[in-house]
Amino acid sequence: MSEQIFTFPTYDLAQSILGQHNRYLHMMLEVISADVVARGDTVVIKGEEDQVNALYRTLEELVFLYREGSTITESQVRIAAKLVANGKADAVHTMFEDTLSVNMRGKNITPKTEGQKYYVDSIRKNTITFGIGPAGTGKTYTSVALAVRALKDKQVRRIILTRPAVEAGENLGFLPGDLKDKLDPYMQPLYDALMDMIPIDKLNNFIENGTIQIAPLAFMRGRTLDNAFVILDEAQNTTYVQMKMFLTRMGRNAKFIITGDPGQVDLPKKVNSGLSEALHIIKGIKGIGTLFLDDKDVVRHPLVKEIINAYSRAEKEED
């Protein structure tokens, strides 16, 4: 039997790490078996020596991450505990200290799950990366963060963000305004990600001078995209022809990211998703990476994960 006492520098920090009503602490104990008594800024840990040391080290790692600017999340807590319990404590720093960019609040944007870290590594390693996964796994936001970083570091001259405006093809005429006004609602998630990382005045200047371009996929036809970080979002809604067209736009010094969720296809019935077909066609080509994220990588509200799982079960029952 071993015992250690972990004392947080402040009560507020203890609350951030342990969670409301010690929710995060209970998550750690699901991975690491130990007896604890948490009061105020102190946690008394008892149990087998290796388990006591693992929980103590997990708390140390989370405090360090918090002080480095991370907002501690459920996902981070679970991953940190698992990594430490498996003797990979150093990997906690590798994952959560990998700064992709900085948001408007001055906080570092880092991978929040193991899957996101693998996704980031794939993007850096490969010229083209497919990021596949359900809603809320950070596919788009992570990609935009890397694009902004590449632009700031002058690795590319421009960022190009595009989506297939599937719904626009049907309802465009009923929306008010000019073409830009009609299309902007479909591009809004991309604007949202950019506005979290770039001051609005600077972002508007980038858009006006073409440094950042946000456009429907149809507008990519006939172009050659050089010196650019290009992200195709919602790629499950591309057709075979559209996906082939997009992938063949690549010019010199370009990085292509394709994100999509095969479970949310909005194409007309009997029209196959260009994303699903592309994953089979390009399989094995050197320089192209494919990363699959799942419910463990969901970083939105915890209920999102439960909703995704519920729908998956329902769809399996229908099959």
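## Terms and model

Two strands pair if DSSP finds at least two bridges between them. Strands (E, at least two residues) are DSSP runs, numbered from the N terminus.

This is a predicted model, in which local features need pLDDT of at least 70, side-chain atom pairs count only at pLDDT 80 or more, and totals for chains, interfaces and linings use all residues. Residues are numbered from 1 along each chain as its sequence is written, and side-chain values use heavy atoms, with hydrogens and water left out.

## Confidence

pLDDT is the predictor's confidence in each residue, from 0 to 100. The protein averages a pLDDT of 87. A score of at least 70 is reached by 92% of the residues.

Residues 168-172 stay under 50 in pLDDT. For this stretch the model has seven contacts (heavy atoms within 4.5 Å) beyond four places in sequence.

## Strand β7 and its partners

Strand β7 covers residues 158-163. On one side, β7 pairs with strand β8 (residues 212-216) in the parallel sense, over five bridges. Here I160 has Q213 of β8 as its bridge partner. β7 also pairs with strand β9 (residues 228-232), again parallel and over five bridges.

Is β7 buried or exposed? Six of its six residues are buried. Buried means under 20% relative accessible area; exposed means over 50%, and partly exposed lies in between (1.4 Å probe, protein chains only). Both faces of β7 are covered. R158, I160 and T162 lie on one side, and I159, L161 and R163 on the other.

## The three-stranded sheet

Three strands form an open sheet in the order β1-β3-β2, with antiparallel pairing. Which are the edge strands? They are β1 (2-7) and β2 (35-39), and each pairs on one side only. Neighbouring strands of this sheet are turned by 15° against each other on average, direction ignored. For such angles, axes are lines fitted to C-alpha atoms, and angles run from 0 to 180 degrees between N-to-C directions.

β2 and β3 (residues 42-47) run antiparallel, joined by five bridges. D35 has K46 of β3 as its bridge partner. V37 stands opposite V44 in β3. The hairpin has two residues between the strands. In this hairpin, G40 takes a positive phi near 60°.

Key: Helix = DSSP H or I, 4+ residues; strand = E, 2+ residues; numbered from the N terminus.
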